[in-house]
Amino acid sequence: MKPVVILVKPQLAENIGMVARAMKNCAISELRLVAPKQSHTEQIALRASSNSEEVLLNAKVYEDTKSAIADLEIVYAATARPRHQVKEVLTAEEMARTLPQDRKVGFMFGCERTGLE
């Protein structure tokens with residue numbers, strides 16, 4: 001099962017397009033957006049996706065994070081902001097070694113400016 005990418009409150013359409021391009025390079029096609037500030041179908045997003053338009057055009061938009069991850073069994077959240085929470089922290093290498101192949105998994109990334117709440 002291929003993982004899903006979730007972007008929480010992305011600010012710039014161009015960044016969404018670049019994520020779509022990276023996803024296509026990794027053969028990941030399902031993109032979920034939580035309350036984006038700009039539309040993922042704006043021309044700047046489509047140009048930045050560099051021939052990955054199908055990822056953008058098939059992206060689903062959600063009002064809140066809970067709805068975006070409701071059907072996922074495991075969600076790995078990535079943020080550069082320390083939150084001082086009691087959560088297991090894994091490096092990318094550790095996560096890759098433990099990634100289950102038979103479960104619905106998501107990779108969640110926070111807002112460019114504030115990270116995840």
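**View 1. Tyr-76 and Phe-107 are both buried.** Buried means under 20% relative accessible area, exposed over 50% and partly exposed in between, with a 1.4 Å probe and protein chains only. This is a predicted model: local features need pLDDT of at least 70, side-chain atom pairs count only at pLDDT 80 or more, and totals for chains, interfaces and linings use all residues. Residues are numbered from 1 along each chain as its sequence is written, and side-chain values use heavy atoms, with hydrogens and water left out. One aromatic pair turns up in a search of the whole structure. Tyr-76 and Phe-107 form this pair, which is tilted, at 5.9 Å centre to centre and 35 degrees between the planes. Tyr-76 sits in strand E4 (residues 74-78) and Phe-107 in strand E5 (residues 105-109), so the pair ties together parts 31 residues apart in sequence. Rings of Phe, Tyr and Trp (its six-membered ring) pair if their centres lie within 6.5 Å; planes under 30 degrees apart are stacked, over 60 edge-to-face, and the rest tilted. Strands (E, at least two residues) and helices (H or I, at least four) are DSSP runs, numbered from the N terminus.

**View 2. The largest nonpolar core has 14 residues.** Val-5, Leu-7, Ile-16, Met-23, Leu-31, Leu-33 and Leu-56 have the most contacts inside this core. At least two core residues come from each of strand E1 (4-8), helix H1 (13-25), strand E2 (31-34), helix H2 (43-48) and helix H3 (53-57). H1 gives the most, with four residues. A nonpolar core is a set of buried Ala, Val, Leu, Ile, Met, Phe, Trp, Tyr and Cys residues joined through side-chain atoms within 4.5 Å. Not counting residues up to four places away in sequence, Met-23 touches Val-5, Ile-28, Ser-29, Glu-30, Leu-31 and Val-55. Contact means heavy atoms within 4.5 Å. A second, separate core has nine residues, including Ile-6, Ala-68, Leu-72 and Leu-116.

**View 3. Helix H1 buries Ala-13, Ile-16, Gly-17, Ala-20 and Met-23.** They cover an arc of only 120 degrees around the axis, which puts them on the same side of H1. The arc is that of the directions from the helix axis to the C-beta atoms. E1, E2, H2 and H3 are among the elements covering these buried residues. The 13 residues of H1 should span 18 Å at 1.5 Å a residue; the end C-alpha atoms are 19 Å apart, which agrees. The expected span is 1.5 Å times one less than the number of residues. After H1 comes Ala-27, with a positive phi near 60 degrees.

**View 4. Strands E1 and E2 pair in the parallel sense over four bridges.** Pairing requires that DSSP finds at least two bridges between two strands. Leu-7 stands opposite Leu-33 in E2. Both faces of E2 are covered. Leu-31 and Leu-33 are buried on one side, Arg-32 and Val-34 on the other. In a regular strand the side chains alternate between the two faces of the sheet.

**View 5. The loop between H2 and H3 holds Ser-50 and Ser-52.** Ser-52 is buried, with a relative accessible area of 2%. Ser-52 contacts Ala-20, Arg-21 and Lys-24, leaving aside neighbours within four places in sequence. Ser-50 is partly exposed, at 33% relative accessibility. Phi of Ser-50 is positive, near 45 degrees. Most residues other than glycine have a negative phi.

**View 6. Ala-35 lies in the loop between E2 and H2.** Phi of Ala-35 is positive, near 45 degrees. Ala-35 is partly exposed, at 31% relative accessibility.
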